[in-house]
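Subject: Handover of a structure for your study

Dear colleague,

Please find below the structure that I am handing over to you. I would ask you to keep it open while you read the notes that follow it.

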Amino acid sequence: MTHEDDRGEADGLAPVIPLFAARSAAPAESVQRGSGPFFAPGSDHARDTSPFDTSHEAVTDSEVDDTALVQAASDALLRKLRSRSLSEREARTFLAQRDLSSDAVEEIVADFLRLSYLDDAALAEQLVHVGVSRRGEGRIAIAQAMARRGVPRDVADAALEAVGDDDAERALEFARRKATSVGGRDDDAALRRLVGQLARRGYPSSVAMTAARQALTEVRRPAARGPRFD
C-alpha cells in the first residue's frame, strides 16, 4: 500500500497460502451403542436422557464460525495488499471493520508481518521514492504522506535520511519542469502559479519563491524583454 496517487505498489507478493487451517468440528455421535436400557426414539424418557451434549455441539459450531471469519478476513486483506501496500495501522483498521476481536486482528497482523506482507520500513522507502522521483515533493510533504499512512515516526525519519536536506535543489528541478507550462504572459501570474505548485508539494515559501523566480528567469531569458523578477 484521495490525493493524487502515483505510488508504485509492490509487485510479486508471495503465493496465496491459507494462514489459518480450518478446525473441523468433532463428530457429534460418540456414544457407544449397546449399553444401558433402550428407550423408543422420541419418547419423553429418551429426550430426558439424550446421550448428545448439545451445549458442546453449540460451542463447536461457534468455534468453526470464528475460524471461518478469521480466514475470510485474512483472505480479504491479502487481496487488498495485491493492489496497494498497507502500513500496519492501515491493516489493523481494515481488519477491525470485519467484526473481528482484537486478539484475532493481532493474530492476522502477526502472521502477515512474519510473511513480510506488511513492512512499514519498506512502505516508507516506497513513499520517499515516489515523492522525490515522481512527484517532486519536499521533505515536509513526504513526511506528511507517511504520517497519513500510519508509518511510525522513527521509521519515517529513518527513510527521510536518504532524501537529504536538499529541498532547494529538488524545488528548482521541479520548477524548471513546470516553468514552460504555467502559461500566460503575465510574469506575476506565472510566478504565483509556480510558487503555488511548489508550496503544495511541501516546499517552504522562501524555497518555493527562489526556485520559481530562477526557473522563470531561465525560461524567459531568450525573450526580447528581460525578466522582471530582480
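Buried residues account for 36% of the 230 residues in the protein chain. Please bear in mind that this is a predicted model. The protein chain has ten helices and zero strands, and from the N terminus its elements follow the order α-α-α-α-α-α-α-α-α-α.

**Helix α5 and its neighbours**

Helix α5 covers residues 120-134. These 15 residues reach 20 Å from the first C-alpha to the last, which is close to the 21 Å expected at 1.5 Å a residue. Which residues of α5 are buried? They are D120, L123, A124, Q126, L127, V128, V130 and G131. The buried residues of this helix pack against three other helices: α3 (88-96), α6 (139-148) and α7 (153-160).

V109 lies in helix α4, which spans residues 102-114. Its relative accessible area is 1%. Buried means under 20%, so V109 counts as buried. Leaving aside residues up to four places away in sequence, V109 touches R92, L95 and L118. V109 and L95 are 14 residues apart in sequence, and their C-alpha atoms are 9.0 Å apart in space.

D99 sits in the loop between α3 and α4, and S116 sits in the loop between α4 and α5. D99 has a positive phi of about 60 degrees although it is not a glycine. S116 likewise is not a glycine, yet it has a positive phi of about 65 degrees. Are these residues buried or exposed? D99 has a relative accessibility of 69% and counts as exposed; S116, at 53%, also counts as exposed.

Helix α8 (167-178) has twelve residues and reaches 16 Å from its first C-alpha to its last, close to the 16 Å expected at 1.5 Å a residue. Its buried residues are D167, R170, A171, L172, F174 and A175. These buried residues pack against α5, α6, α9 and α10.

How do α8 and α10 pack? Their angle is about 40 degrees, and their axes are 8 Å apart. That angle makes α8 oblique to α10. The crossing of α8 with α10 is right-handed. On the α8 side, the residues that take part are D167, A168, A171, L172, A175 and R176. On the α10 side, they are V207, A211, A212, Q214, A215 and E218. By class, this contact of α8 with α10 consists of eight nonpolar residues, one polar residue and three charged residues.

**Helix α9 and its contact with α10**

Helix α9 (residues 187-200) also packs with helix α10 (residues 205-220), at an angle of about 130 degrees and with their axes 9 Å apart. This makes α9 oblique to α10. The crossing of α9 and α10 is right-handed. From α9, the residues D187, A190, L191, L194, V195, L198 and A199 take part in the contact. They meet A208, M209, A211, A212, R213, A215, L216 and R220 in α10. Which classes of residue form the contact of α9 with α10? Twelve of the residues are nonpolar, none is polar and three are charged.

Q197 is placed in helix α9. It is buried, with a relative accessible area of 16%. Apart from residues up to four places away in sequence, Q197 touches F174 and K178.

**The loop between α8 and α9**

S181 belongs to the loop between α8 and α9. At 51% relative accessibility, S181 counts as exposed. Exposed means over 50%, which is why S181 is placed in that class. Along the chain, S181 and L194 are 13 residues apart, and their C-alpha atoms are separated by 9.3 Å.

Yours sincerely,

A colleague

Terms used
Residues numbered from 1 in each chain as written. Predicted model: local features only at pLDDT ≥ 70, side-chain atom pairs only at ≥ 80, totals over all residues. Heavy atoms only, no water. Axes fitted to C-alpha atoms, helices over the stretch in contact; angles between N-to-C directions. Helix = DSSP H or I, 4+ residues; strand = E, 2+ residues; numbered from the N terminus. Parallel < 35°, antiparallel > 145°, perpendicular 65-115°, else oblique. Left-handed = near helix turned anticlockwise from the far one by under 90°. Contact = heavy atoms within 4.5 Å. Nonpolar A, V, L, I, M, F, W, Y, C, P; charged D, E, K, R; others polar. Expected span 1.5 Å × (residues − 1). Buried < 20%, exposed > 50% of the residue type's maximum accessible area, 1.4 Å probe, protein only.
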